[in-house]
Amino acid sequence: MTTEVQWSELQRDPKGVAALADQGDVRVRRRDGVPLLLVREDSATSAADGAVGAARALRNALAHLPGEAAAEVLVEEFPWADLLPAAERLQFVSDFVRAVGASAELGRWSVLAQVLVEWKATAAVHTDPALVAELSRPLEDDLGLVPAPTGF
């Protein structure tokens, strides 16, 4: 259960809002920013531990399946993956498994989210044969020297 309060209520009655957080999550609405979520630490720790355990089990299960079987499992959840050529579908499985593991260990699910965004965009490209042909053709123009990276 998530209760919503305004930022001003948190400022005015912090103990009352803390009591609400003992009963469940509290979404704190702010006029000048994204809402905040007030969660008890034990609840957040349990959720994180559960996510890590589930991610490890999923990673292990997918890693032990034959490539095509793992791809079939992921296509059921991500139907757009069926638009990928077979070799790229297998690479998606590999990237997914690695991202699940990294996300779970780091507690940063943005790693997995980015992999999904990138592969979904790749699948979308494969729906347009003209775009696939354009992106796959060899470059014939010499575009000059590539500047050295900066900012490292």
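How many residues does the hairpin that joins β2 to β3 pass through? I found that this hairpin runs through 2 residues.

**Entry 1: what I am looking at.** I noted that this is a predicted model, in which local features need pLDDT of at least 70 and side-chain atom pairs count only at pLDDT 80 or more, while totals for chains, interfaces and linings use all residues. Residues are numbered from 1 along each chain as its sequence is written, and side-chain values use heavy atoms, with hydrogens and water left out.

**Entry 2: the sheet.** I took helices (H or I, at least four residues) and strands (E, at least two) as DSSP runs numbered from the N terminus. The 3 strands form an open sheet in the order β1-β2-β3, with mixed pairing, where two strands pair if DSSP finds at least two bridges between them. The edge strands are β1 (2-6) and β3, each of which pairs on one side only. Strands β2 (residues 25-30) and β3 (residues 33-38) run antiparallel and are joined by 4 bridges. I looked up two positions along this pair: Val26 has Leu38 in β3 as its bridge partner, and Arg27 stands opposite Leu37 in β3.

**Entry 3: helix α5.** I saw that α5 has 21 residues and reaches 30 Å from its first C-alpha to its last, close to the 30 Å expected at 1.5 Å a residue; the expected span is 1.5 Å times one less than the number of residues. Buried residues of α5 include Phe92, Val93, Phe96 and Val100, where buried means under 20% relative accessible area, exposed over 50% and partly exposed in between (1.4 Å probe, protein chains only). The buried residues of α5 pack against α3 (41-64), α4 and α6 (110-125), with contact meaning heavy atoms within 4.5 Å. Just after α5, Gly107 takes a positive phi of about 70 degrees.

**Entry 4: α4 against α5.** How do the axes of these two helices cross? The axes of α4 (residues 67-77) and α5 (residues 86-106) come within 9 Å and cross at roughly 80 degrees, so the two helices are roughly perpendicular to each other, a term that covers 65 to 115 degrees. Axes here are lines fitted to C-alpha atoms, for helices over the stretch in contact, and angles run from 0 to 180 degrees between N-to-C directions. Among the residues that meet are Ala70, Ala71 and Leu74 in α4, and Leu90, Val93 and Phe96 in α5.

**Entry 5: Pro149.** I placed Pro149 in the segment after α7 (129-136), and Pro149 is exposed, with a relative accessible area of 64%. Pro149 and Arg98 are 51 residues apart in sequence and 27 Å apart in space, C-alpha to C-alpha.

Methods:
Angles under 35 degrees count as roughly parallel, over 145 as roughly antiparallel, 65 to 115 as roughly perpendicular and the rest as oblique.
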